[in-house]
Amino acid sequence: MPATPAHDFPSDLLAGQEELHQVRSTLLALLKRLPWSVEPLDGFSDTGGWRKVERPASPGWTPDEQAEVEKLRTRERELAVFVSCHRYWEQVSGPDVVAARARLKHAHETPDDSLPQSH
């Protein structure tokens, strides 16, 4: 199958994939910012294992933080189902499905996004 340009994907599929990227990025940033434990827990240090593990005390997540994480996870699941079960995939078969799904995941990138960044 020849390469499928981004414009060959239906616009709603492209929009769903783009929103999925955005939701996952937002969720990841939120999880990195939150305390390591949802519930309040004491800190601990385990230096006796094969690798050292340390965690400071966690105040836990607020109800608002828990609700925001759940909202983002729910939306992520909805979008993943929408994208993976879209009617477009009925017209693609065999190994072409894998290649087309890979192209869809990167359809929002500009050609410059794939170039290494110089510092």
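1. Is Arg 103 buried, partly exposed or exposed? Arg 103 counts as partly exposed, at 21% relative accessibility. The classes are buried (under 20% relative accessible area), exposed (over 50%) and partly exposed (in between), with a 1.4 Å probe and protein chains only. Arg 103 sits in helix H3. Its C-alpha is 9.7 Å from that of Phe 9, although 94 residues separate Arg 103 and Phe 9 in sequence.

2. On the basis of the model: it is predicted, local features need pLDDT of at least 70, side-chain atom pairs count only at pLDDT 80 or more, and totals for chains, interfaces and linings use all residues. Residues are numbered from 1 along each chain as its sequence is written, and side-chain values use heavy atoms, leaving out hydrogens and water.

3. On confidence: pLDDT is the predictor's confidence in each residue, from 0 to 100. Its mean over the protein chain is 89. A value of 70 or more is reached by 86% of the residues. Residues 1-6 stay under 50. For this stretch the model has ten contacts (heavy atoms within 4.5 Å) beyond four places in sequence.

4. On the overall layout: the protein chain has three helices and two strands. Their order from the N terminus is α-β-β-α-α. Helices (H or I, at least four residues) and strands (E, at least two) are DSSP runs, numbered from the N terminus. Of the 119 residues, 22% are buried. Take the contacts between residues at least 6 apart in sequence: 62% of them join residues at least 24 apart.

5. On helix H3: this helix spans residues 95-105, and Val 97, Ala 100 and Leu 104 are buried there. These residues lie on the same side of H3, because they cover an arc of only 70° around the axis. The arc is taken from the directions from the helix axis to the C-beta atoms. The buried residues of H3 pack against helix H1 (11-33) and helix H2 (63-84). Pro 95 and Val 98 are exposed, on the face turned away from the buried side.

6. Which residues make the nonpolar surface patch of about 270 Å²? They are Trp 36, Leu 41 and Phe 44. Leu 41 belongs to the loop between H1 and strand S1 (44-46). Leu 41 is partly exposed, with 40% relative accessible area. Patch residues have over 30% relative accessible area and no salt bridge; nonpolar side chains (Val, Leu, Ile, Met, Phe, Trp, Tyr) are joined within 5 Å, like charges within 9 Å. A salt bridge puts a side-chain nitrogen of Lys or Arg within 4 Å of a carboxyl oxygen of Asp or Glu.

Notes. Areas by Shrake-Rupley, 256 points an atom, 1.4 Å probe, with all protein chains shown as cover.
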